[in-house]
Amino acid sequence: MATEPSKDQLLALYERMLLIRRMEERLRADAAAGKLPGAVHLYIGQEAIATAVCARLGPNDLITSTHRGHGHFLAKGGDPKAMMAEIWAKRTGICQGMGGSMHVADFSKGILGANGIVGGGFAIATGAALAAKLLHDTRVSVAFFGDGAANQGVFMECLNVSSLWKLPLVLVCEHNQFSEFTPSVQCTSGEIADRARAFKIPTTVIDGNDAVAVWQAAGEAVEHARSGAGPAFIEARTYRIQGHLEAEALFLQGGKYREQSEIEEWRQRDPVERLQQRLTASGVKGADLQAIEARIGRTVEDAVKFAEESEPANPELPFDLMFVGQRA
Amino acid sequence: MARKRYTHAINEALIEEMSRDPKVIVYGEDVELAIMGDTRGLLDKFGRERIRNTPICEATLTGMAVGAAAAGCRVIVHMMFSNFIYTGFDAIANQMAKLHLMTGGQAVMPITIIAAYGGGGSNAAQHSDSGYPVLVNLGGVNVAMPATPADAKGLLKTAIRGNNPTFFMEAIGRGGELGEVPDGDYTVPFGKAATVREGKHVTLIAIGSMLKPTLEAAKKLEAAGIEAEVIDPRTLVPLDEEALVAAARKTGRVVVVDEARDRCSCASHIAAVLADKAFGHLKAPIKRVTVPNVCMPYAPNAEKLMIPDADRIARTATESARA
């Protein structure tokens with residue numbers, strides 16, 4: 001019998017998911033308004049996964065994220081202001097404006113970075129897990145990745161190595177149905193979870209839009225990994241509501257890779273709304289939910305204001321940041 | 001001082017640094033049995049927690065280095081042959097070379113990657129590349145090119161103690177060669193070229209494995225009355241431009257010797273730097289002695305033709321000195 005999250009835990013999940021949602025809705029608007037210099041890949045519709053997995057981690061645990069990484073950053077405790085300023089290319093950004101949306105990272109919080117290379121996080125997370133094992137500490141490392149990344153060869157390599165060496169690694173596949181602009185069914189053979197099973201890694205396939213299901217599966221997976229028994233694998237089925245990136249219409253030039261009706265269908269399974277309904281059904285008052293909404297609204301506004309008012313990035317900084325203590 | 005082999009000097013550096021810092025780990029394909037010689041004895045001394053064989057999966061080996069470094073280890077990855085860098089290139093080029101910048105200085109990557117390069121053993125095209133020019137072009141990795149046992153030991157220690165990703169390129173044909181190695185703990189700084197021989201007629205800049213044939217060439221030149229200055233940059237990143245420019249100005253005649261393919265070789269880069277910064281002092285065109293733009297052939301006679309040797313270096317230097 002899986003543990004049920006307490007009401008406070010559910011509320012915390014909800015608040016964090018809503019934070020991710022509202023931050024990204026603002027990013028969507030600001031991207032459309034031409035205020036952001038680079039590409040923005042939104043996580044809308046997948047918030048339950050990052051949030052509920054990270055809810056099961058401690059501050060010293062490590063995660064690797066993807067190009068769709070705002071959710072993981074915020075879920076692991078990244079600062080909304082520093083993230084927003086980063087995406088606005090400001091020197092107060094978490095990476096001083098050198099990384100941008102695709103590379104938000106906070107090493108002090110175990111966030112080893114979003115990653116612009118699809119599948120780029122597998123081996124980094126595996127290496128972090130190796131270090132945790134060799135240094136005899138209790139850290140667990142989590143690799144978030146999509147179904148697209150599961151088709152990279154390094155995925156197989158890391159399944160092999162982590163299982164062989166019983167590394168404290170949790171692999172979380174966010175199966176959002178798309179590899180950039182290609183539906184997963186057109187480019188993926190068999191079930192992704194079966195690939196992990198082939199390496200004798202405990203594997204579970206869950207509804208990734210159900211925060212409680214993710215929370216339960218992640219709890220077991222993290223516990224398994226932390227116990228020294230080796231890696232665990234979660235395939236969370238979800239759906240990418242937004243395009244591969246904002247302004248994708250410019251790239252598609254009228255081309256089409258999915259039906260609007262499919263998007264609408266998945267909107268009915270929105271993870272934030274589902275959790276809200278659950279909270280309401282369990283007796284949480286509308287006023288309490290409104291208070292959360294208001295709090296997050298202020299957080300988002302503060303983050304945008306901070307980003308807008310911050311100094312632009314230092315354009316000379318790259319010369320000092322190619323190396324530690326060595327100018328390029 | 002004691003005379004030691006190149007491989008032995010590398011092995012000593014590994015043992016000393018692993019003894020010095022418990023966070024130093026080594027992994028790679030067949031490192032436990034020390035197939036390349038340099039990791040001999042480490043397993044007995046340090047156990048599998050510190051040195052371990054890996055599967056053959058270079059993409060993961062290089063990527064794991066990034067993660068293990070981020071999580072607190074000092075990582076040494078043995079890539080065996082430098083050609084295998086190519087199969088592990090994503091984490092090198094896209095992650096470790098860029099993360100310090102991309103994260104605004106948060107990511108610190110104490111990673112040393114050891115790889116043996118060069119031809120001469122009929123290992124054919126997939127085991128004979130001198131793959132360092134591409135590394136030099138990445139920007140965010142240091143590249144050390146030890147030519148002697150003493151520099152091998154000292155540069156490797158600097159690499160392991162440093163906080164930047166560093167490629168330590170072993171000259172494959174030099175493993176058994178002997179040289180004087182200082183006693184006790186010492187390091188060789190990055191970015192400091194060595195003047196190996198003084199001369200006033202022509203400056204020979206020899207990279208890594210090319211130092212030996214260049215010194216042989218200098219002897220031949222001496223017999224012909226040409227005094228060659230021989231400079232070893234020792235690291236390509238950082239590059240001691242100041243020393244190279246000074247040496248170029250001193251004689252006004254420069255030959256750069258590199259075991260890389262000519263096109264975009266490190267010799268090309270050094271020639272470009274010198275053309276820029278020593279132009280007014282040059283008395284002859286800067287010459288490059290490199291591997292032609294071909295893959296390394298298997299047949300010994302064909303391979304020999306491709307790798308710069310003392311005769312080719314001396315011939316080019318003579319042309320330069322008389323130009």
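In this predicted model, chain B is divided into two parts, domain 1 (2-181) and domain 2 (194-322). The C-alpha centres of domain 1 and domain 2 of chain B lie 26 Å apart. Domain 1 of chain B contributes 24 residues to the contact, and domain 2 of chain B contributes 24 residues. On the side of domain 1 of chain B that touches domain 2 of chain B, two helices and two strands each supply at least two residues. The helices are H6 (132-136) and H7 (149-161) of chain B. The strands are S6 (142-144) and S7 (166-171) of chain B. By class, this side of domain 1 of chain B has 14 nonpolar, 8 polar and 2 charged residues.

Chain B also holds an open sheet of 7 strands. Their order is S3-S2-S4-S5-S7-S6-S12, and the pairing is mixed. Strand S3 (51-53) and strand S12 (235-237) of chain B are the edge strands. Each of these pairs on one side only. On average, neighbouring strands of the sheet are turned by 20° against each other, direction ignored. Within chain B, strand S2 (residues 24-28) and strand S4 (residues 74-81) run parallel. They are joined by 5 bridges. In this region, Tyr27(B) stands opposite Val77(B) of S4(B).

Chain A touches chain B through 40 of its residues, which are in contact with 35 residues of chain B. On the chain A side, the elements giving two or more residues are helix H5 (121-134), helix H6 (153-164) and helix H13 (317-321) of chain A. H5(A) gives the most, with 11 residues. The chain A side divides into 27 nonpolar, 11 polar and 2 charged residues.

Within chain A, one helix pair was examined. The axes of helix H1 (residues 7-32) and helix H11 (residues 271-281) of chain A come within 10 Å and cross at roughly 150°. Angles over 145 degrees count as roughly antiparallel, so H1(A) is roughly antiparallel to H11(A). The crossing of H1(A) past H11(A) is left-handed. From H1(A), the contact is made by Leu10(A), Leu11(A), Leu13(A), Tyr14(A), Met17(A), Leu18(A) and Arg21(A). From H11(A), Pro271(A), Val272(A), Leu275(A), Gln276(A), Arg278(A) and Leu279(A) take part. By class, the residues of this contact between H1(A) and H11(A) are 10 nonpolar, 1 polar and 2 charged.

Notes. Residues numbered from 1 in each chain as written. Chains lettered and ligands numbered in written order. Predicted model: local features only at pLDDT ≥ 70, side-chain atom pairs only at ≥ 80, totals over all residues. Axes fitted to C-alpha atoms, helices over the stretch in contact; angles between N-to-C directions. Helix = DSSP H or I, 4+ residues; strand = E, 2+ residues; numbered from the N terminus. Parallel < 35°, antiparallel > 145°, perpendicular 65-115°, else oblique. Left-handed = near helix turned anticlockwise from the far one by under 90°. Contact = placed C-beta atoms within 7 Å. Nonpolar A, V, L, I, M, F, W, Y, C, P; charged D, E, K, R; others polar. Pairing = 2+ DSSP bridges. Domains from an automatic or database assignment.
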